[in-house]
Amino acid sequence: MHIAVIGAGSWGTALASVLGQKHSSVMLWVRSGKLAELIASTRENPDYLPGCKLPEAVQITNDLAKAAINAQLLVLATPSHAIRETAAKLSPLIQTNAVIVNAAKGLELNTVKRMSEIIAEELPVVANNIAVLSGPNHAEEVALRSPTATVAAAESRKIAEYVQETFMLPFFRVYTNPDIVGIELAGALKNIIALGAGISEGLGFGDNAKSALMTRGLAEITRLGMAMGANPLTFAGLAGIGDLIATCTSKHSRNRRAGLLLAAGKTFEQIQDETSMVVEGIRATKAANQLATKYNIEMPITEQIYQVLYQNKSPKDAVLDLMTRTKTNEVEEVALNNLNWN
């Protein structure tokens with residue numbers, strides 16, 4: 001079995017390492033020729049995942065055709081904004097029976113489409129063979145073989161279980177889920193709440209504020225997900241609350257770090273200029289704001305973070321507006337009409 005991992009950021013590098021510990025032919029495609037040469041010679045990705053020595057089974061290439069042309073399984077691990085372009089380049093290279101695994105977490109800005117929808121458009125010959133891998137999975141911990149659980153989602157049970165078996169290792173446990181819509185939305189939208197968690201910390205607030213933010217953030221993620229056809233139970237699982245906890249609380253979370261910088265007064269343009277890694281929550285906030293309008297869904301946390309990012313609202317004013325909203329019932333979004341409450 002030949003596997004290609006397309007994209008050598010921290011997550012792509014970590015996944016190549018996982019796969020290289022189980023399979024004998026794994027190829028990691030690196031966009032930069034210079035970085036590809038460096039990784040090949042040192043067996044380490046110093047730009048994105050320093051300290052992670054890649055298994056000998058992992059080959060390095062800067063040639064997309066060489067990586068993809070004979071691959072039975074391709075993992076797309078580029079930033080979300082590069083998924084469409086990358087998939088289009090792969091179109092003439094892939095086998096018709098290849099399985100495509102999306103490992104990117106985000107939404108396309110212009111179309112507000114999910115990653116699997118984009119991949120299906122650009123790679124119609126494998127539209128029925130698309131899966132999504134998502135969960136509370138910091139690349140830094142996966143690279144250290146720290147116990148990790150994730151979810152493989154696909155419309156086809158056969159494809160989901162194929163991906164599960166491909167990735168499963170004693171330290172990397174994979175569950176399956178048929179709800180590809182919910183899994184992708186959870187992975188994209190939790191980054192928005194992580195920005196808010198960083199802002200909360202940066203303003204000096206404590207655990208009370210962060211726990212409230214995460215809980216109410218999950219409520220609005222679920223609300224939008226249900227409107228888009230997702231199973232609400234998905235958001236109570238690994239890709240939902242699990243990833244939300246990890247991204248809002250971890251020192252590894254670039255979205256949480258970006259929130260800290262927003263609280264310190266920096267703009268998102270300054271934050272993006274200062275980091276070599278993509279802060280997916282910045283784009284996701286804009287896309288989610290569009291989806292909330294499209295589906296007429298109330299998403300107050302997302303709305304306030306959107307105003308901080310794109311309308312120069314001060315984080316302190318955003319918090320005040322959230323705290324002084326019209327009083328309401330906690331469960332009005334999902335259950336109030338079903339309650340026999342006299």
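I take buried to mean under 20% relative accessible area, exposed over 50% and partly exposed in between, with a 1.4 Å probe and protein chains only. I note that this is a predicted model, in which local features need pLDDT of at least 70 and side-chain atom pairs count only at pLDDT 80 or more, while totals for chains, interfaces and linings use all residues. Residues are numbered from 1 along each chain as its sequence is written, and side-chain values use heavy atoms, with hydrogens and water left out.

Entry on helix H10. I looked up which residues of H10 are buried, and found Ala-239, Gly-240, Gly-242, Asp-243, Leu-244, Ala-246, Thr-247 and Cys-248. Helices (H or I, at least four residues) and strands (E, at least two) are DSSP runs numbered from the N terminus. The cover over these buried residues includes strand S6 (130-134), strand S7 (148-154), H8, helix H9 (207-227) and helix H11 (254-263), where I count a contact as heavy atoms within 4.5 Å.

Entry on H8 against H10. I found helix H8 (residues 180-202) and helix H10 (residues 238-249) packed at an angle of about 30°, with their axes 8 Å apart. The axes are lines fitted to C-alpha atoms, for helices over the stretch in contact, and the angles run from 0 to 180 degrees between N-to-C directions. H8 and H10 are therefore roughly parallel to each other, a term for angles under 35 degrees, as against over 145 for roughly antiparallel, 65 to 115 for roughly perpendicular and oblique for the rest. From H8 the contact draws on Ile-183, Ala-186, Gly-187, Lys-190, Asn-191, Ile-193, Ala-194, Ala-197 and Glu-201, and from H10 on Ala-239, Gly-240, Asp-243, Leu-244, Thr-247 and Cys-248.

Cys-248 is buried at 0% relative accessibility, and Cys-52 is buried with a relative accessible area of 5%. I then turned to Ser-17, which lies in helix H1 (residues 10-20) and is buried at a relative accessible area of 4%. Leaving out residues up to four places away in sequence, Ser-17 touches Cys-52, Leu-54 and Pro-55.

Entry on Gln-290. I placed Gln-290 in helix H13 (residues 280-295), where Gln-290 counts as partly exposed at 36% relative accessibility. With residues up to four places away in sequence again set aside, Gln-290 touches Leu-109 and Val-112. Gln-290 and Leu-109 are 181 residues apart in sequence, yet 9.0 Å apart in space from C-alpha to C-alpha.
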